[in-house]
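Please look at the sequence and the model together before reading on. The text below goes through the strands, the rings, some turns and a pocket.

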Amino acid sequence: QVQLAESGGGVVQPGGSLRLSCAASGSIDSIATMAWYRQAPGKQRDLVAAIARVGTTDYADSVKGRFTISRGNAKNTVYLQMNSLKPEDTAVYYCYLGGVRIVQNVREYWGQGTQVTVSS
């Protein structure tokens, strides 16, 4: 059984920074993709940033130059450094793991979500 532990959300003023963390526990052999999604009230869940096993990254246009996704030295950990935060970044942020292989089984997992609020 894989469990995801997210942390780092909170309330910050415009222009501030936050760092989200997501650590996956369980007997995981490999993870193809680690990503962060976000969902604002009344809106769909959208991709914020993703990082592949080989290290390539992808970002939503709205966060390019402000957010950085990285994989931690600890196995199965992913971070999202968010700088120059704007009120429109306010949302619940979800950690996503795709292509998680445990022996011969491959599936995806979602975290429970962490609230990020950008407000003065």
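The paragraphs that follow describe the model one part at a time.

This is a predicted model, in which local features need pLDDT of at least 70 and side-chain atom pairs count only at pLDDT 80 or more, while totals for chains, interfaces and linings use all residues. Residues are numbered from 1 along each chain as its sequence is written, and side-chain values use heavy atoms, with hydrogens and water left out.

Begin with the strands, which are DSSP runs of E with at least two residues, numbered from the N terminus. Two strands count as paired if DSSP finds at least two bridges between them. Strands of a sheet pair through backbone hydrogen bonds, either parallel or antiparallel. Here an open sheet of 4 strands has the order β1-β3-β8-β7, and its pairing is antiparallel. Its edge strands, each pairing on one side only, are β1 (3-7) and β7 (67-71). On average, neighbouring strands of this sheet are turned by 15° against each other, direction ignored; the axes behind this angle are lines fitted to C-alpha atoms. At one end of the order, β7 pairs with β8 (residues 77-82) over 5 bridges in the antiparallel sense. In this pairing S70 stands opposite Y79 of β8.

Next comes β5, which has partners of its own. β4 and β5 run antiparallel and are joined by 6 bridges, and W36 has A49 in β5 as its bridge partner. The two strands form a hairpin with 6 residues between them, and G42 in the turn has a positive phi of about 75°. β5 is also joined to β6 (residues 57-59) by 3 bridges, again antiparallel. A50 stands opposite D58 in β6. This second hairpin has 4 residues between its strands, with G55 in the turn at a positive phi of about 105°. Is β5 mostly covered or mostly open? It is mostly covered, as 5 of its 7 residues are buried (buried means under 20% relative accessible area, exposed over 50%, and partly exposed in between, with a 1.4 Å probe and protein chains only).

Positive phi values also occur in residues other than glycine. S84, in the loop between β8 and β9, has a phi near 50° and is partly exposed at 40% relative accessibility. V103, in the loop between β9 and β10, has a phi of about 60°. With a relative accessible area of 60%, V103 is exposed.

The aromatic rings come next. Rings of Phe, Tyr and Trp (its six-membered ring) pair if their centres lie within 6.5 Å; planes under 30 degrees apart count as stacked, over 60 as edge-to-face and the rest as tilted. There are 3 aromatic pairs by this rule. In one of them, the ring centres of Y96 and W110 are 4.8 Å apart and the planes stand at 55°, so the pair is tilted. Y96 lies in β9 (residues 91-102) and W110 in β10 (residues 105-110), 14 residues apart. Y96 is buried at 14% relative accessibility, whereas W110 is partly exposed at 36%. Together with Y37, these residues form one aromatic cluster.

A pocket is an open set of points on a 1 Å grid over the protein atoms alone, where a 1.4 Å probe fits, with protein on both sides within 12 Å along at least five of seven lines; lining residues have an atom within 4 Å of a point. The largest pocket has a volume of about 210 Å³, the space filled by probe spheres set on the points. Among its 14 lining residues, R38, A40, K43, D46 and E88 are the closest to the centre. β4 (30-39) and β5 (46-52) are the elements that give two or more residues to this lining, and β5 provides the largest share, 3 residues.

Key
Axes are lines fitted to C-alpha atoms, for helices over the stretch in contact, and angles run from 0 to 180 degrees between N-to-C directions.
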